Amino acid sequence: MTAKPTVERPDPQQVYDTPWPLDVATVDQFGRDGHVRVPGLGAGLDFCSLRNELAPFAESANHRLAPMPQRSTYDRAFLQMFNLWRANAAFERFTLARRFAGVAAQLLGVPAVRLYHDQALVKQAGGGHTPWHQDQRYWPLDGARTLTMWMALIDCTPEMGTMRFATGSHALGDIGPLPISDESEAFLSALIDREGLQVCPPVAMAAGDASFHDGWVVHGGGPNTTTVAREAMTVIYVEDGARITEPDSPERRLDLAVWLPGQQPGDPVDSPVNPRLAAN
Ligand SMILES: O=C(O)CCC(=O)C(=O)O
């Protein structure tokens, strides 16, 4: 009798702790385009187990919303679960991973980053598109360098609604207060046409493939026209030393209170929920 072969999987902490040096072309591409893909960044992690950890959070987020046809465009786009690192040990290891923070720091060209917050984004089967928007418009971090890592937790086809980007749009900076909505989709679609920006459409992403996007890049996601949920985990980073700016919109006022608790405009980002994440 032969022994049943076992699938060797590395200890997730080993994956999280092992640096991922980027080549110059990848860093240059991020600077030029405002987004870049890093395939296989999470390879070796147990995505089935991460999805099981996520399931109860997604289930309760789903129950808080109306049935899909009655939802707003925003709520049809995804179930949103924030700061899982504070609620779940598996996601604490994921979000605080030195490997991911190290890639973020290399792309920004800084020695260290701070966590702004994490969020899981589940685009349910039949879920709608994610309208075009700029993330940094939500954050009281006007002059800071910021970026988001988006990692697929399941093999995704483009039809499941992976990310789309307006390449180079980060160079336009702050386009204005346009919360994610039908209005932001229409306004930014017209802007993309007017400026002749190239759109990088949704692409297939295997579980563990990641993309990183600049806080000012115009981006969104396709609809999920399949019967499988598109499960993704995101981590938002800000350069270490960045200072908080005066919030000038309801979204930024809310973000200051929630993601930078106890902090004031002018302070460096360093509340207890914004740990410094250094690559080394
Ligand atoms: O997952 C999506 O559909 C959109 C994600 C997004 O906009 C972001 O992570 O900034």
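Modeller: The radius of gyration is taken over C-alpha atoms, and the rule for a globule is 2.2 Å times the number of residues to the power 0.38. The model under discussion is predicted.

Biologist: What makes the radius of gyration of this chain agree with that of a compact globule?

Modeller: For 280 residues the rule gives a value near 19 Å, and the chain has 18 Å, so the two agree. Along its principal axes the C-alpha trace spans about 70 × 45 × 40 Å. The chain contains eight helices and 11 strands, and 42% of its residues are buried. Of the contacts with a separation of 6 or more, 86% join residues 24 or more positions apart.

Biologist: How do you know that the span of helix H7 agrees with its number of residues?

Modeller: The expected span is 1.5 Å times one less than the number of residues. For the 14 residues of H7 (residues 182–195) this comes to 20 Å, and the end C-alpha atoms are 20 Å apart, so the span agrees. Gly 196, which follows H7, has a positive phi near 65 degrees.

Biologist: Why does Gly 215 count as buried?

Modeller: A buried residue needs 20 or more such neighbours. Gly 215 has 24 inside 10 Å, so it counts as buried. Its place is the loop between strand S8 (210–214) and S9. Leaving out residues up to four places away in sequence, Gly 215 touches Asp 135, Gln 136, Trp 139, Thr 146 and Leu 147. Asp 142, 73 residues apart from Gly 215 in sequence, is 9.8 Å from it in space, C-alpha to C-alpha.

Biologist: Why is Asn 83 placed in the class "partly exposed"?

Modeller: That class lies between the two cut-offs, 12 or fewer and 20 or more. Asn 83 has 17 other C-beta atoms within 10 Å, and so it is partly exposed. The residue sits in the loop between strand S2 (79–82) and helix H5 (89–95). Its phi, near 40 degrees, is positive although Asn 83 is not a glycine.

Biologist: What makes helix H6 mostly covered?

Modeller: Eight of the 11 residues of H6 are buried, among them Phe 100, Val 103, Ala 104, Leu 107 and Leu 108.

Biologist: Which residues have the most contacts inside the largest nonpolar core?

Modeller: They are Ala 104, Met 151, Phe 212 and Tyr 237, in a core of 69 residues. Helix H6 (residues 98–108) gives the largest share of this core, seven residues. Beyond four places in sequence, Met 151 is in contact with Leu 41, Gly 42, Gly 208, Ala 210, Ala 232 and Met 233.

Biologist: Which residues come nearest to the ligand?

Modeller: Among the 13 residues around the ligand, these are Leu 121, Thr 130, Thr 148, Gly 221 and Thr 234. Strands S3 (112–123), S5 (146–152), S9 (219–221) and S10 (230–239) each give two or more residues to the shell. By class, the shell has six nonpolar, five polar and two charged residues.

Key. Residues are numbered from 1 along each chain as its sequence is written. This is a predicted model: local features need pLDDT of at least 70, side-chain atom pairs count only at pLDDT 80 or more; totals for chains, interfaces and linings use all residues. A residue is near a molecule or strand if its C-beta atom, placed from the backbone, lies within 6 Å of it. Helices (H or I, at least four residues) and strands (E, at least two) are DSSP runs, numbered from the N terminus. Ala, Val, Leu, Ile, Met, Phe, Trp, Tyr, Cys and Pro count as nonpolar, Asp, Glu, Lys and Arg as charged, and the others, Gly among them, as polar. A nonpolar core is a set of buried Ala, Val, Leu, Ile, Met, Phe, Trp, Tyr and Cys residues joined through C-beta atoms within 7 Å. Two residues are in contact if their C-beta atoms, placed from the backbone, lie within 7 Å.
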